[in-house]
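Let's take a walk through this fold together. Have the sequence and the 3D view at hand, and follow along helix by helix.

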Amino acid sequence: MERNEETVPLPPSPRESLSSLRARSGPDLFLVICRCFSVVTALTAILCIAVNLLSAIQSFKNGSDVFDGIFRCYAVIIAVIVVVAETEWGFIIKYWKVLEYWVGRGMLQIFVAVMTRAFPDYSSKQKQLVILENVASYLLLACGVVYVVLGILCIGCLKRAQQKKKTTRVQAIKDLELSPNLILLLFLELDNST
């Protein structure tokens, strides 16, 4: 009599399941695109900082328009807040909740763009500075408008949900990596108990 033996597949070992989990947890394209846009916005805000600093120095150096220099200093301070908000530093987000939402960030960026564009000096010797002011302000204005529109479409909420999901997945992988021997012991205990 021949015996027809069926092979029963064994459950994957903890290391095999961990490696398959790692393979599935590649970079999320949506989060990568959001991070790239944050970098572009931060660089544009840094350009606004540089332009406003140059304009403030020029205003104070001439002594003719001190109010323009003070205005530019405020624009620099607020542009620094824009840059820090783009890093999503927990301290800033914790105390200024409005910057967690994309509509709030976009409005702040539009405000800095308008401050950078305001009071241009159209004298013939500072044409390059005026062109740089226009470029910086329109770039930051475009970033701000994109943030406001995408914020209204709730893309910022989607990003936060994706980040939370990614953080949870990474933490689960770390927990599994820290305790493969514990998982192996649990499998052995279950096997011995049956």
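In which helix is Val 66 found? Val 66 is found in helix H3, which spans residues 66-86. Helices here are DSSP runs of H or I with at least four residues, numbered from the N terminus. Before we go on, a word on the ground rules: this is a predicted model, in which local features need pLDDT of at least 70 and side-chain atom pairs count only at pLDDT 80 or more, while totals for chains, interfaces and linings use all residues. Residues are numbered from 1 along each chain as its sequence is written, and side-chain values use heavy atoms, with hydrogens and water left out.

Arg 72 and Asp 68 meet through their side chains in a salt bridge, at 3.4 Å from N to O. A salt bridge means a side-chain nitrogen of Lys or Arg within 4 Å of a carboxyl oxygen of Asp or Glu. Because Arg 72 and Asp 68 lie four residues apart in helix H3, about one helical turn separates them. The structure holds seven salt bridges.

Now see how the helices pack. H2 and H3 have axes 8 Å apart and an angle of about 160°, so they are roughly antiparallel to each other. Axes are lines fitted to C-alpha atoms over the stretch in contact, with angles from 0 to 180 degrees between N-to-C directions; over 145 degrees counts as roughly antiparallel and under 35 as roughly parallel. The residues of this H2 with H3 contact divide into 16 nonpolar, six polar and four charged.

Helix H2 (residues 29-62) also packs with H5, at about 25° and with axes 10 Å apart, which means that H2 runs roughly parallel to H5. Finally, the axes of H5 (residues 102-117) and H6 (residues 127-152) come within 7 Å and cross at roughly 160°, so H5 is roughly antiparallel to H6.

Methods:
Helix = DSSP H or I, 4+ residues; strand = E, 2+ residues; numbered from the N terminus. Parallel < 35°, antiparallel > 145°, perpendicular 65-115°, else oblique. Nonpolar A, V, L, I, M, F, W, Y, C, P; charged D, E, K, R; others polar.
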